[in-house]
Amino acid sequence: MIECHSKKTNMMGIFTVLKWKGRRKDKDSPTPPPHDEYRQYLEAQFVQERITDTDFHSLVSLPECLDRNEWLATHAVSFFNHVNLMYSVVSEFCTNETCATMTGPGNVQFCWTDDRGKRGKETGPQYVDLVTLHIQKIISDESTFPTKFGHQFPPTFEATVKKIHKYLLHIIAHIYHVHYKELLALNLNGHMNSLFTHFMVFNSRFDLMEEKDYEMLNELLKALIKQLPDPNQNERGDAPQQMLRT
């Protein structure tokens, strides 16, 4: 990979203040969201929680010294590490008994498809373990995530990043849906909001997701985007307009 140090890259470390040690071609299986589903993370007092006032729209801009694939690779690895870290904080509460299925807001169910194309419903921790091992294998593969000088990214690299990010979104959705109370108890809801906002602004900038992919968290996302410090940034050409639809 090209070595290029940018102040923007350093901002990826804002989430490492956590010191906790923790331990598919697939499709979602949505069910109609119950009208009385309580989503505490949508309350105004919690939406406002964040750990940084960083302008994420500027932060995710591609530095002139890097090519697009290099920037995508850097962020895919970093987002994987941060999402994994956030999950590790609540992992002791995510068991086969408490999370018999891997669900997100609206009771959306995330199913795993193995290498043979067999699709099944795993428990929450089983699904996260499968995703973690799968992503770790991908980012450790030199032919997919090259780290040596002269090695090129494969033509399918961007599609691989899209798949990785979709898996990471499933974990984020599960944390908000099932384990938000643990985040509140540990005073980490601001960390989660900042991570999710950064993650989705990046995805929007580089067209890595479709609206249907994050529909279960769209209401939260729009609320978080409105909390960004510069009220004029939503009018810029680089702002994630599709995330701001009402």
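Student: In what order do the elements of the protein chain run from the N terminus on?

Tutor: This is a predicted model, in which local features need pLDDT of at least 70, side-chain atom pairs count only at pLDDT 80 or more, and totals for chains, interfaces and linings use all residues. Residues are numbered from 1 along each chain as its sequence is written, and side-chain values use heavy atoms, with hydrogens and water left out. Helices (H or I, at least four residues) and strands (E, at least two) are DSSP runs numbered from the N terminus, and the protein chain has 9 helices and 5 strands. From the N terminus on, the order is α-β-α-α-α-β-β-β-β-α-α-α-α-α.

Student: Which exposed residues sit on the face of helix 5 turned away from its buried side?

Tutor: Buried means under 20% relative accessible area, exposed over 50% and partly exposed in between (1.4 Å probe, protein chains only). The buried residues of helix 5 are Gly-124, Pro-125, Tyr-127, Val-128, Val-131, Thr-132, Ile-135, Ile-138 and Ile-139. Because they cover an arc of only 155° around the axis (taken from the directions from the helix axis to the C-beta atoms), they are on the same side of helix 5. The face turned away from that buried side carries the exposed residues Leu-133 and Lys-137.

Student: Which elements do the buried residues of helix 5 pack against?

Tutor: Contact here means heavy atoms within 4.5 Å. The buried residues of helix 5 pack against helix 4 (68-90), strand 3 (108-110), strand 4 (112-113) and helix 6 (157-178).

Student: Is Thr-123 buried or exposed?

Tutor: Thr-123 lies in the loop between strand 5 (119-120) and helix 5. Leaving out residues up to four places away in sequence, Thr-123 touches Asn-96, Cys-99, Ala-100, Thr-101 and Met-102. With a relative accessible area of 12%, Thr-123 is buried.

Student: How many disulfides does a search of the whole structure find?

Tutor: A disulfide is a pair of cysteine sulfur atoms within 2.5 Å. The cysteine sulfur closest to that of Cys-94 is in Cys-99, at 3.6 Å, too far for a bond. Cys-94 is buried at 2% relative accessibility, and Cys-99 is buried with a relative accessible area of 2%. The number of disulfides found in the whole structure is 0.
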